[in-house]
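This report describes selected features of one protein model.

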Amino acid sequence: MIKQPALAVSIAVAATLALAGCGSASGQADQQELTVFAAASLTDTFTQLAEEFEKQHPEVKVTTSFGGSSDLVAQIEDGAPADVFASADAKNMDKLGDLATDPQDFASNTLEIATPPGNPADIAGFQDLARESTKVVVCAVEVPCGNATAEMEEKTGVDIEPVSEEQSVSDVLAKVTSGDADAGLVYVTDVTAAGDTVTGVEFEESDQVVNTYPITALDGADDADLAQEFVDLVLSETGQKVLSDAGFGQP
C-alpha cells in the first residue's frame, strides 16, 4: 500500500522535470542569433556593443567574428552566415556589391607605430621604419591597414622593407608583443587597446592617410530589421561614445 503512492509521486516528479526540460529547450530554440562580422581593429568596441545589444534585446544572442576585412569579405562571398558587416575601409565594403545594403560610415582611424614596451629600437618617426637594421611588421596590402601603410609610404617617400606581412592588425600586434619585431604599423586604437603591452609612437604624417569605417546590414540577413537595429546602435550616441572612448575619430 505504501509503495504505490510513492511510485505515483516519482512518476509525477519525472513528468514535471521532463516538461520543464522541454520548456527550457524550447526557450533556447526560440532565441534569435545575430551574426556580426567586423574588422579586427573593432574587437574591443564591437564586443562591448554586442553586450549592449543583448541587454536591449534579451531574446537575441549576438555572435561576433573578427578578422582582416578582406578575409571577412571572402568568407561572406563564400556564403558564410553573416547579418552585419563592419569594414575598416570602403574598398573592402565595395567588394560586396549588392550584398552590402546602404553602407554607412561610422568611424575613422589613423596609423600609429607600435613597439615592444620601452621602444628598445628607439623608433622616433615613420622614416625610422626604413632603417635596414629595424625589423618591421605591417599588414598585407589587401588588408585596410596594409593599404593605408602603402599610401603612407607613397606620400612620404619612405620605403619600408617589412620582415612580415600579416592578415590583420591583431596579427601585427602579436608579432610586436612577442618580440619578433622592433615595430609594427597598426591603428591608433590598437595601440590604445594594447595598453602596457606595447609602446605607441605617433608620427606627424599620420593625418595624411585616414581610414573611414563603413557598416551595413547584409542582404540575405536572417532578420533584416534586427540587423539594421545593430547598425543603428553603432550609429547612435551610445555607439559613438564607445568608439570615441576607444580612440576612433568621427567618420
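Predicted model: local features only at pLDDT ≥ 70, side-chain atom pairs only at ≥ 80, totals over all residues.

The open sheet is built from five strands in the order 2-1-3-10-4, with mixed pairing. Strand 2 (60-67) and strand 4 (100-109) are the edge strands, each pairing on one side only. From one strand to the next, the twist averages 20°. Strand 1 (residues 32-39) and strand 2 run parallel and are joined by eight bridges. Within strand 2, Ser 65 is the bridge partner of Phe 37.

**Helix 3 and Ser 70**

Helix 3 (residues 69-77) lies across strand 1, strand 2, strand 3 (84-86) and strand 10 (211-218). Helix 3 runs at about 140° to strand 1. Ser 70 lies in this helix. Because its relative accessible area is 11%, under the 20% cut-off, Ser 70 counts as buried. Leaving aside neighbours within four places in sequence, Ser 70 is in contact with Asn 92, Lys 95, Glu 142, Val 143 and Gln 167.

**Helix 2 and helix 9**

Helix 2 (residues 43-56) packs with helix 9 (residues 237-245) at an angle of about 150°, and their axes are 10 Å apart. Angles over 145 degrees count as roughly antiparallel, so helix 2 and helix 9 are roughly antiparallel to each other. Their crossing is right-handed. The residues that make the contact are listed by helix.

| Helix | Residues in the contact |
|---|---|
| Helix 2 | Thr 45, Gln 48, Leu 49, Glu 52 |
| Helix 9 | Thr 238, Gly 239, Val 242, Leu 243 |

Three of the residues in this contact of helix 2 with helix 9 are nonpolar, four are polar and one is charged.

Technical notes: Residues numbered from 1 in each chain as written. Heavy atoms only, no water. Pairing = 2+ DSSP bridges. Helix = DSSP H or I, 4+ residues; strand = E, 2+ residues; numbered from the N terminus. Axes fitted to C-alpha atoms, helices over the stretch in contact; angles between N-to-C directions. Contact = heavy atoms within 4.5 Å. Buried < 20%, exposed > 50% of the residue type's maximum accessible area, 1.4 Å probe, protein only. Parallel < 35°, antiparallel > 145°, perpendicular 65-115°, else oblique. Left-handed = near helix turned anticlockwise from the far one by under 90°. Nonpolar A, V, L, I, M, F, W, Y, C, P; charged D, E, K, R; others polar.
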